[in-house]
Amino acid sequence: MRSPYAAAGPLALIAAFLTSTVLLTACPVQAEEAKKAGETISVLGKAEMKVPAEFKRAERASRIIEHEFKVGEGETTARLTMMAAGGSVDANIKRWKGQFSGGDDAAQKTEQMDIGKWSVHIVDVSGAYAERMGGGPFAGGKVVQRENYAMTGAIMVEPEGRQYFVKMIGPAEIVKGNREKFVAMVKSIGK
């Protein structure tokens, strides 16, 4: 059987070899760059949010959560959740703050920013976190107090009024140490 490149001559063979070599060596580089870039999440089908590569995909703890990631390494990690949600912005911020007690008053803050056509509310809370086990904040069940915890959350409101929640909750040092990456992730919807 004759090679399909034989009729084209030696230059065609060299070109084919070089092309395949470039493609084979570029794939691992592209794969590595994609790993470094992280994952891209669709937000309500209206924007894309770029998740930092350091935030690792995790199994969802509840069906209402659309995406879940772990932030940090080893046993000490924070939980990052993303989901469409409803209710008023103020009521949700009040509920989030009500899940914490104590903490430094200066560290409890809310800021509003416009990112493109989106209105985004960033909420920072710390102290003792009352984690409701078995189904989220509205389910009954045991409440476990998590000391020295923090949350950085975002309520992202698109122009038609639909809301998307992004929350990072965990040990205070993990949450505070990754706040800048969290805010950059949220701001990526404007790009």
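**View 1. A network of salt bridges joins Glu111, Asp124 and Arg179.** In this predicted model, the side chains of Asp124 and Arg179 meet at 2.8 Å, N to O. This pair links distant parts of the chain, with Asp124 in strand β8 and Arg179 in helix α4 (residues 179-187), 55 residues apart. Asp124 is buried, its relative accessible area being 7%, whereas Arg179 is partly exposed at 21%. The structure holds seven salt bridges.

**View 2. Lys46 and Glu160 form a salt bridge.** The closest N and O atoms of the two residues are 3.1 Å apart. Lys46 lies in the loop between β1 and β2 (47-51) and Glu160 in the loop between β9 and β10, so the pair ties together parts that are 114 residues apart in sequence. Lys46 counts as partly exposed, at 44% relative accessibility, and Glu160 as exposed, at 60%.

**View 3. A salt bridge connects Glu39 and Arg57.** Their side chains meet at 2.3 Å, N to O. Glu39 belongs to strand β1 (residues 39-43) and Arg57 to strand β3 (residues 56-57), 18 residues apart. Glu39 is partly exposed at 30% relative accessibility, and Arg57 is likewise partly exposed at 41%.

**View 4. Helix α2 (residues 89-98) has the buried residues Val89, Asn92, Ile93 and Trp96.** These residues lie on the same side of α2 because they cover an arc of only 100 degrees around the axis. They pack against β6 (100-101), β7 (109-115), β8 (118-132), β9 (143-157) and β10 (163-171). The face of α2 turned away from the buried side carries the exposed residues Asp90, Lys94 and Gly98.

Notes. Residues are numbered from 1 along each chain as its sequence is written. This is a predicted model: local features need pLDDT of at least 70, side-chain atom pairs count only at pLDDT 80 or more; totals for chains, interfaces and linings use all residues. Side-chain values use heavy atoms; hydrogens and water are left out. Buried means under 20% relative accessible area, exposed over 50%, partly exposed in between (1.4 Å probe, protein chains only). Helices (H or I, at least four residues) and strands (E, at least two) are DSSP runs, numbered from the N terminus. The arc is that of the directions from the helix axis to the C-beta atoms. Contact means heavy atoms within 4.5 Å. A salt bridge is a side-chain nitrogen of Lys or Arg within 4 Å of a carboxyl oxygen of Asp or Glu.
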